[in-house]
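Welcome, and take a moment to look over the sequence and the model. Let us walk through a few of its features together.

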Amino acid sequence: MEARREFSDDLIEAYEQKQLRPYYQPRISAETGQVVCVEALARWHHPKRGTLPPAEFLPIAEDIGRLVDIDERILELAVQDLKAWDAAGVSVPRISVNVSGRRLLQEDLFSRLDEMDLPIGRLSFELLESIFFEDADQSTFDRLAAIRAQGIKIEIDDFGSGHASINGLLAVRPDTFKIDRQLVQRVRKDPRLVALLRSVVQIGRSLGISVVAEGEETEQHAELSLDIQCDQLQG
């Protein structure tokens, strides 16, 4: 408990001292091999423990009520980076940013988006599958429609992690869903699951949804994802 309290205090200080920054992971078109998007992933430059991934601090941030603040900070910095890349002549078609369910429904979301002067059509909100398949109601779908009206694409992260349903996809109609990394890894270890994953991809295609395979780290990983006809690869 003492260590957790100290870590929580460090996280609050990290936010105030701007130790939280986005790192970017590319997403590649399976057809062209070109970068089509980068995902902004939160990292904490801890003064003693080094660079920490989100799994080590986001659960604590949620417990102490700072997850929304971190969401907004990463979004702001990602938009700044995109504009800086444009100014430097670096071509990055789009950025995807993770947004919590709590942030999605906050009243000030659209006023803050207006203040950021977003590049039209070049931002995606990446939302956990559980937001839609467990807690979604009409207010959630109304908010999604308003977000899309601002030119922001909707993506579902970790599809297949336990909450997915065809009805959910029909209700949300995301632009993209990302097959959960753990599911992709299981297929690599058990070739018998290839047909199952190929069926998941075909469901997406039949609904006009782009499908991304996560966790691509080697040529062999990429070859498998190409074999099941994923549209994009990320890793």
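This is a predicted model: local features need pLDDT of at least 70, side-chain atom pairs count only at pLDDT 80 or more; totals for chains, interfaces and linings use all residues.

Now let us turn to a patch of another kind. Ile-166, Leu-170 and Ile-203 make a nonpolar surface patch of about 220 Å². You can find Leu-170 in helix α8, which runs over residues 166-172. With a relative accessible area of 38%, Leu-170 is partly exposed, a label used for values between the buried limit of 20% and the exposed limit of 50%.

Next come the cysteines. A disulfide is a covalent bond between the sulfur atoms of two cysteines. How many disulfides does a search of the whole structure find? The search finds zero. Cys-37 is in no disulfide, and the nearest cysteine sulfur, that of Cys-230, is 16 Å away. The two sulfur atoms of a disulfide would have to be within 2.5 Å. Cys-230 is likewise in no disulfide, with the sulfur of Cys-37 as its nearest cysteine sulfur.

Are these cysteines buried or exposed? Cys-37 has 0% relative accessibility and therefore counts as buried. Cys-230, with a relative accessible area of 3%, is buried too, because buried means under 20%.

Terms used: Residues are numbered from 1 along each chain as its sequence is written. Side-chain values use heavy atoms; hydrogens and water are left out. Buried means under 20% relative accessible area, exposed over 50%, partly exposed in between (1.4 Å probe, protein chains only). Patches are made of residues with over 30% relative accessible area and no salt bridge: like charges are joined within 9 Å, nonpolar side chains (Val, Leu, Ile, Met, Phe, Trp, Tyr) within 5 Å. Accessible areas come from the Shrake-Rupley method with a 1.4 Å probe; for residues, only the protein chains shown count as cover. A salt bridge is a side-chain nitrogen of Lys or Arg within 4 Å of a carboxyl oxygen of Asp or Glu. Helices (H or I, at least four residues) and strands (E, at least two) are DSSP runs, numbered from the N terminus.
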